[in-house]
Amino acid sequence: MDKKLRDDIYIHAIEWVREAGEVIRDKMYGPLDIETKSNANDLVTKLDKETEQFFVAKVKSKFSGHFIHGEEGYGDSPTSLDGTVWIIDPIDGTMNFVHQKRNFAISVGIYHDGVGEIGLIYDVMANVLYHAKKGEGAYKDDVQLPSLPEIGNINEAIIGMNHFWLCENKLIEEQVMQKFVKDIRGTRTYGSAALEFAYTAEGIIDGYISMRLSPWDVAAGIVIVNEVGGITTDIDGKIVNMLDKSTILTCNSVLQKKILGMLKEGRK
Ligand code: IPD
Ligand code: CA
Ligand code: CA
């Protein structure tokens, strides 16, 4: 992608993410009109929908040829990654948004012909923006993030994961997941995949694993983690498909090989 054009997209994307965050902060104590989607714990609010609509309107008015792949379905729901595609989660961590009023993020990954060019993860309540352009490093606000710590022993690693994967896991034997949790130093559950990617990039956790995520949960995070030398694949070590749900492991490459090896033993 042309560098000048990418810089222009980046500046606008950052401006819109901050503006959307401000609207969320303004309206979040008003009526949220909470609904459920795939199950009783899969929540969506008026602000998830309005935020996605805001991005669709902004992107289409400024970059009319770009496509939008957004969680709430107001975009184009593309079937290919040709051209420039904005992969947007308007609020990642809606359960946190509803119950805790913190620990949720706006996640925007911008891909060109399938390549992740820009990643933005905005922690709305902390007013902290994690951002990266491919090949230009990753930043937390205006501080560049260093390369990931070279932790190679899983017994020194703190891994983000949802405890749900210990109780109902259709892909990995539960005992193997339990052994994994016992063997690592600790787990953390933040309730926002995007923030868990950002924290991995920041090096405050050593990785994040999930058995089922959607493209908008990970699109921005993958770009940001790449920029600090991390790697993101599915649990079979394959590149993540940005048009479909997928398992996810993001961490440094040494831990990745070890964790994938452990999980392989428990593959159902
Ligand atoms: C969810 C969060 C959560 C993860 C779920 C996601 P949402 O996104 O990222 O941490 O465990 O799988 O669906 O629904 O709040 O945008
Ligand atoms: Ca999400
Ligand atoms: Ca969401």
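Predicted model: local features only at pLDDT ≥ 70, side-chain atom pairs only at ≥ 80, totals over all residues.
Across the boundary, 37 residues of domain 1 are in contact with 23 residues of domain 2. The size of an interface is often given as the accessible area lost when the parts come together. By this criterion, domain 1 and domain 2 bury about 2,200 Å² between them, with 65% of that area on carbon and sulfur atoms. On the side of domain 1, the most area is lost to domain 2 by D92, I121 and Y130, which together account for 24% of what that side buries.

As to specific interactions, 10 residue pairs in polar contact, both at pLDDT 80 or more, are counted between domain 1 and domain 2, together with 1 salt bridge. A salt bridge is formed between the side chains of E202 and K140, at an N to O distance of 2.8 Å.

The elements that contribute two or more residues to the side of domain 1 touching domain 2 are the strands β3 (67–70), β4 (84–92), β5 (105–112), β6 (115–123), β7 (128–133) and β8 (138–140). Of these, β6 supplies the largest share, 7 residues. In composition, the residues on this side of domain 1 divide into 14 nonpolar, 14 polar and 9 charged.

Conventions: Residues numbered from 1 in each chain as written. Chains lettered and ligands numbered in written order. Heavy atoms only, no water. Contact = heavy atoms within 4.5 Å. Buried area = accessible area lost by both parts, 1.4 Å probe. Salt bridge = Lys/Arg side-chain N within 4 Å of Asp/Glu carboxyl O. Polar contact = N/O pair within 3.5 Å; in protein donor to acceptor, adjacent residues only side chain to side chain. Helix = DSSP H or I, 4+ residues; strand = E, 2+ residues; numbered from the N terminus. Nonpolar A, V, L, I, M, F, W, Y, C, P; charged D, E, K, R; others polar.
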